[in-house]
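Here is a short briefing on pockets and strands for your next look at the model. Have the sequence and the 3D view open side by side.

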Amino acid sequence: MFKVCIQSLFLVSQNVSLKKLNDDLDGLEKDASNDITVASDQESLENLRIQLLGKKGRLSKILGSMGSLSGSDRPVIGQRANILKNQLQGLITDRLEDLKEKALKEKISSETIDVSAPSSGIRFGHRHPLISTTEQILDLFCGLGYEVQEGPEIETDYYNFEALNIPKEHPARDMQDTFYLENNLLLRTHTSPVQIRCLENSPPPIRIVAPGRVYRRDAVDSTHSPVFHQVEVLAIDEGLDFSHLRGTVMAFLKAFFGDLPIRFRASYFPFTEPSAEVDVQWRGKWLEVMGCGMVDPAVLEGLGIDPERWTGFAAGLGVERFCMVRHEIDDIRRLYTSDLRFLEQF
Ligand code: DAH
């Protein structure tokens with residue numbers, strides 16, 4: 001009786017072990033397939049694989065307790081564990097493929113370049129207002145048949161003064177305080193020397209416009225700078241008189257300024273006779289924008305050009321003034337400070 005009891009007790013304990021291992025395998029199967037499907041990346045899937053199927057994982061633990069089973073139960077659990085192991089391995093492999101594909105897709109979409117997207121802020125520059133003003137001035141004269149010419153900024157005394165009928169000791173030299181260099185050279189004080197260079201190179205008839213930088217030892221204030229820009233105009237032909245000068249200047253100024261009031265004022269320049277200065281009315285005041293006149297016969301004679309046959313007119317425009325009026329700029333110094341907040345407005 002006692003033996004039977006021990007035996008039946010033993011049987012009971014054996015049955016419990018089998019059932020428990022089956023339950024453990026059920027639990028493992030359920031948890032594992034759930035956890036595998038929700039693993040969100042390759043790393044957590046690998047950790048999960050180690051937890052489930054690794055040497056110290058849940059399945060190994062279950063197999064490790066098989067020792068208490070009867071010889072006939074052991075293969076039952078062993079077989080089931082093997083099937084489960086393969087099944088989980090398969091699920092893990094499938095999930096791994098899915099995750100790899102998902103990661104690849106994410107990488108591709110994060111690296112995709114949308115060639116149609118607006119640019120991410122490459123800033124484009126544009127012409128400086130002084131350059132664009134010069135271009136507009138040249139354009140208008142080119143439309144009247146003038147050709148663009150240029151001359152050097154470092155000039156000789158001859159081209160800057162003498163050939164323009166401004167001999168040494170002439171008081172007109174005081175009108176243009178000059179930066180002198182060595183060897184009788186200087187920084188040109190105006191673009192008028194280009195008149196002489198052009199007439200030397202090509203005899204009349206001639207119609208040219210010459211843009212460029214000029215230099216004077218002026219005190220700096222809101223309308224003066226030691227470096228500024230001019231455009232020189234020269235037309236020499238047979239039969240040109242003051243009406244041609246006036247007509248050309250008026251047509252040009254009207255095209256540039258529209259309806260701003262314009263006035264001619266008698267003036268004096270050594271290289272023109274008669275001479276005039278032209279003002280435009282801006283903000284209720286007259287602002288001088290150019291000098292002009294009929295080319296003085298002495299200048300033509302000095303170049304071997306017969307003033308009885310050839311006559312013409314010349315003008316010198318201050319580009320800064322044109323630019324300031326056009327764009328409502330009140331201080332010339334703004335044009336030279338390279339302040340992008342200012343320049344970006346144009
Ligand atoms: N060169 C003169 C200046 O800078 C401006 C000027 C006046 C130019 C009369 C001319 C002209 O061609 O005819 O002050």
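Which strands and helix each supply at least two residues of the lining of the largest pocket? They are strand S5 (227-238), strand S7 (272-282), strand S8 (285-295), strand S9 (310-318) and helix H10 (319-327). This is a predicted model, where local features need pLDDT of at least 70, side-chain atom pairs count only at pLDDT 80 or more, and totals for chains, interfaces and linings use all residues. Residues are numbered from 1 along each chain as its sequence is written, and side-chain values use heavy atoms, with hydrogens and water left out.

**Largest pocket**
- The largest pocket holds about 650 Å³ of space.
- Of its 31 lining residues, Arg216, Phe228, Gln230, Glu288 and Gly316 are the closest to its centre.
- A pocket here is an open set of points on a 1 Å grid over the protein atoms alone, where a 1.4 Å probe fits, with protein on both sides within 12 Å along at least five of seven lines; lining residues have an atom within 4 Å of a point.
- A volume is the space filled by probe spheres set on the points, which are joined across faces, edges and corners.

**Strand S8 and its partners**
- S7 and S8 run antiparallel, joined by nine bridges; strands pair if DSSP finds at least two bridges between them.
- Strands (E, at least two residues) and helices (H or I, at least four) are DSSP runs, numbered from the N terminus.
- S8 and S9 also run antiparallel, with five bridges, and methionine 294 stands opposite phenylalanine 313 in S9.
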